[in-house]
Amino acid sequence: MSDFLSSKKLNRSIGWKLVNSLWIILPFIYFPWGGFLYIGSKGKCKKWKIYGIVYLLVFFFLIYLISAPASDGVIGLSVIGYWWIGITHSLIVRNDYLLRLDVILDNMEVTDDTQYHQMRSSVERELGIAPRQIEPNMPEQLEVPPPASMPTTPAESVKRTLDIISAESGSAQSGVAAESSLASNSSGGLVDINTCTSEELMMLPGVSADEADKAMEYRGSFGGFPDTDKFISCIGAKPHIAVKLRPLITCSKPVKQAARHGRVLDI
């Protein structure tokens with residue numbers, strides 16, 4: 001945490017940081033326990049208080065070594081080690097302490113750095129402080145054009161299909177002519193499979209000339225289709241074609257009954 005925070009700039013003045021770092025002087029005069037007890041109390045951190053107690057116990061132990069008859073080399077190494085460890089440890093926790101103090105005062109501008117936010121949230125949870133709601137920088141909203149209006153009636157659906165067929169074939173004039181013919185010979189804008197022409201059938205999506213001929217042959221033999229499903233079955237339309245056809249076609253009552261076939265007996 002300290003390595004990362006060392007590269008971060010808290011929203012505080014240099015004077016504020018220096019004033020709140022004066023406790024580091026204590027380790028330099030062999031009182032690291034005083035510094036850790038201070039920051040542990042002000043920063044509300046139990047582990048720093050524990051460090052302070054440990055340093056205090058070691059401090060008393062060093063006093064005992066100095067007063068007791070012992071080797072000067074052992075005493076010297078112990079004092080130097082205690083002094084060096086106390087200073088190093090204090091410098092390591094300094095940035096963490098400043099962050100804790102800043103969180104407690106709650107006057108810092110938070111950056112967008114994800115790792116920084118996670119560290120701050122961890123400290124806030126430990127201190128029992130509810131995290132502030134920080135709105136991330138949102139990208140500029142792109143204007144999305146409204147979708148093209150979809151057909152709302154069967155007649156509009158037929159018109160749209162004819163426009164697509166006309167555009168794909170490259171014959172706009174033929175599409176207009178077929179549309180006019182279809183409008184005049186259909187019921188309510190739909191293609192009546194029992195009254196339309198072969199050319200009108202071929203204008204439907206997925207209906208080829210051969211399939212139109214099959215439909216016309218069936219209609220001539222049986223007087224018409226009983227329903228649209230029979231028409232779809234007759235031309236052998238695949239499921240995805242059938243889905244497109246159903247909204248575009250209608251079925252009027254057959255014009256005549258199917259002719260009866262068989263031998264006539266003269267009695």
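Predicted model: local features only at pLDDT ≥ 70, side-chain atom pairs only at ≥ 80, totals over all residues.

Q: What makes residues 209-222 count as helix 11?
A: Helices are DSSP runs of at least four residues, numbered from the N terminus. Helix 11 has 14 residues.

Q: How do you know that the span of helix 11 is close to the expected one?
A: The expected span is 1.5 Å times one less than the number of residues. For helix 11 that expectation is 20 Å. From its first C-alpha to its last, helix 11 reaches 20 Å.

Q: Which residues of helix 11 are buried?
A: They are Glu211, Ala212, Ala215, Tyr218 and Arg219. Buried means under 20% relative accessible area.

Q: Why are the buried residues of helix 11 said to line one face?
A: Seen down the helix axis, they fall within an arc of 125°, so they line one face of helix 11. An α-helix has 3.6 residues a turn, so residues three or four places apart point the same way.

Q: Which residues are exposed on the other side of helix 11?
A: Asp210 and Glu217 are exposed there. Exposed means over 50% relative accessible area.

Q: What covers the buried residues of helix 11?
A: The cover includes strand 1 (191-192), helix 10 (198-202) and helix 12 (228-235).

Q: What makes one face of helix 12 the buried one?
A: Phe231, Ile232 and Ile235 are buried in helix 12. Down the helix axis they fall within an arc of 95°, so they line one face. They pack against helix 10, helix 11, helix 13 (239-245) and strand 2 (249-250).

Q: How many residues apart along the chain are methionine 203 and valine 191?
A: They are 12 residues apart. Their C-alpha atoms are separated by 9.7 Å.

Q: Why is serine 21 called buried?
A: The cut-off for buried is under 20%. Serine 21 has 11% relative accessibility, so it counts as buried. It is found in the loop between helix 2 (14-19) and helix 3.

Q: What is serine 21 in contact with, leaving aside its neighbours within four places in sequence?
A: Serine 21 is in contact with Arg94 and Leu98. Contact means heavy atoms within 4.5 Å.

Q: Why is tryptophan 83 called partly exposed?
A: Its relative accessibility is 31%, so it counts as partly exposed. Tryptophan 83 is in helix 6.

Q: What makes the nonpolar patch on the surface?
A: A patch takes residues with over 30% relative accessible area and no salt bridge. Val19, Leu22, Ile25, Phe28, Ile29, Tyr30, Phe31, Trp83, Trp84 and Ile85 form this one, with about 980 Å² of accessible area together. Helix 3 (25-28) and helix 6 (72-105) are the elements that give two or more residues. Helix 6 gives the most, with 3 residues.

Q: How many helices and strands does the protein chain have?
A: The protein chain has 13 helices and 2 strands. Of its 267 residues, 33% count as buried.

Notes:
Residues numbered from 1 in each chain as written. Heavy atoms only, no water. Patch = residues over 30% accessible without salt bridge, like charges linked within 9 Å, V, L, I, M, F, W, Y side chains within 5 Å. Areas by Shrake-Rupley, 256 points an atom, 1.4 Å probe, with all protein chains shown as cover. Salt bridge = Lys/Arg side-chain N within 4 Å of Asp/Glu carboxyl O. Buried < 20%, exposed > 50% of the residue type's maximum accessible area, 1.4 Å probe, protein only. Arc of directions from axis to C-beta.
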